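Student: I am new to this structure. Could you show me how to read its features one at a time?
Tutor: Gladly, let us look together.

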Amino acid sequence: MALNSTQLSATSRLFSSSIFRELAAKGKSSLFTRLVRESPLLDLSTTLATVGDAFEAAFHLLRTGAHRDEYIYKAALTRNVLLGKHGLNTASMLTEFRVGACRADLAILNGTATVYEIKSERDSLSRLGSQVEAYQKVFAKVFVIAGENHVDAVLRSTAPDIGVMLLSKRHRISTVREATDRPDRICPVTVFESIRSSEAIRILRDLGIDVPKVPNTLLHAELRSIFSGLDADATHRSMVKTLKKTRNLAPLSELISDLPPSLQAAALTVSVKKTDHPRLVHAVNTPFADAMGWA
């Protein structure tokens, strides 16, 4: 189905963090109702039994090549790599992870740290060079995942050790060029500046290094100084070990199993209170006709 700009915007915004949080906090969302009315979903209303069905239908509309946005790519990585290849008990995932002036779209921590820079059909490649350069300072493996319109340009503009993945029109991920695992090139100071102070302290303790006993006002500078002298490989190993614990997603396993596939990426990337999980699941199971009265 071809979507006009208004329909495309409304359908994409259904997967925004604001709607997900509103459903969890209130058990309903007036914004969801308004966006559904602006999207083509009402034309499909006879086939939509629940709110969850509406999200599934919206996802199906967006996953066609010309309509795909960043969320569609994150959903594909979540389903095929994090959940399909690894699992929440052995791996963790970071999204919008700050690295210098950049924000990494998605990273998965398992035996190593792998970052995935998304270049959807709607994206420009103008910042790709600076993004890849930044990510190499924190992650051992760097992949760019793109649509067919970008893959050739990504291959030409990135070094041979940068991995390239293709998200096909059938929503399948294939590896065009494998990424080289290079923990030796990371910058411990950049790692330090990308994580929380509490995580930096855990890394030092894991490496057997004493944490300086100084006032909090001086702690950041002291920690940064210590990280500047750390070995790259050792820092990377400890970072992976630490962040897998501090950013653990295993407690979300039950919620994931209660949500439709289209919302699983949202559940893993948008933080909501555990006490709100039942309300979120109830909202997703609300009859579609009732949800049209949320406005």
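Student: Which residues does Met93 touch, not counting residues up to four places away in sequence?
Tutor: First, a word on the model: it is predicted, so local features need pLDDT of at least 70 and side-chain atom pairs count only at pLDDT 80 or more, while totals for chains, interfaces and linings use all residues. Residues are numbered from 1 along each chain as its sequence is written, and side-chain values use heavy atoms, with hydrogens and water left out. Contact means heavy atoms within 4.5 Å. By that rule, Met93 touches Thr78, Leu82, Leu106, Ala107, Ile108, Leu249, Leu268 and Thr269.

Student: Where does Met93 lie, and is Met93 buried or exposed?
Tutor: Helices (H or I, at least four residues) and strands (E, at least two) are DSSP runs, numbered from the N terminus. Met93 belongs to strand S1. For burial we use relative accessible area: buried means under 20%, exposed over 50%, and partly exposed in between (1.4 Å probe, protein chains only). Met93 has 4% relative accessibility, so Met93 counts as buried.

Student: How do I read a phi angle, for instance that of Glu96?
Tutor: Most residues other than glycine have a negative phi. Glu96 has a positive phi, near 50°. Glu96 is in strand S1, and Glu96 counts as partly exposed because its relative accessibility is 33%.

Student: What is the phi of His171, and where does His171 lie?
Tutor: The phi of His171 is also positive, near 70°. His171 sits in the loop between strand S5 (163-167) and S6. At 12% relative accessibility, His171 counts as buried. Residues up to four places away in sequence aside, His171 touches Phe59, Arg63, Arg68, Ile72 and Ala76.

Student: How are two packed helices described?
Tutor: By the angle between their axes and the distance between the axes. Axes are lines fitted to C-alpha atoms, for helices over the stretch in contact, and angles run from 0 to 180 degrees between N-to-C directions. Here, H5 and H13 pack at an angle of about 90°, with their axes 9 Å apart. That makes H5 roughly perpendicular to H13; angles under 35 degrees count as roughly parallel, over 145 as roughly antiparallel, 65 to 115 as roughly perpendicular and the rest as oblique.

Student: Which residues of H5 and H13 meet?
Tutor: From H5 come Tyr71, Lys74, Ala75, Thr78, Arg79, Leu82 and Leu83, and they meet Pro261, Ser262, Leu263, Gln264, Ala265, Ala266 and Leu268 in H13. By class, this contact holds 9 nonpolar, 3 polar and 2 charged residues. Ala, Val, Leu, Ile, Met, Phe, Trp, Tyr, Cys and Pro count as nonpolar, Asp, Glu, Lys and Arg as charged, and the others, Gly among them, as polar.

Student: How much space lies in the largest pocket?
Tutor: On a 1 Å grid over the protein atoms alone, a pocket is an open set of points where a 1.4 Å probe fits, with protein on both sides within 12 Å along at least five of seven lines; lining residues have an atom within 4 Å of a point. Grid points are joined across faces, edges and corners, and a volume is the space filled by probe spheres set on the points. In the largest pocket, that space is about 370 Å³. The pocket is lined by 18 residues, and closest to its centre are Leu249, Leu252, Leu268, Thr269 and Ser271. Strand S1 (92-99) and helix H13 (261-269) are the elements that give two or more residues to this lining. The lining has 10 nonpolar, 6 polar and 2 charged residues.

Student: What is the volume of the second largest pocket, and which element gives the most to its lining?
Tutor: The volume of the second largest pocket is about 260 Å³. Among its 15 lining residues, Val81, Lys85, His86, Tyr116 and Lys141 lie nearest the centre. H5 gives the most to this lining, with 3 residues.

Student: Which residues of helix H3 are buried?
Tutor: In helix H3 (residues 30-38) they are Leu31, Phe32, Thr33, Leu35 and Val36. These buried residues pack against helix H1 (5-13), helix H2 (17-26), helix H4 (51-62) and helix H15 (288-291).
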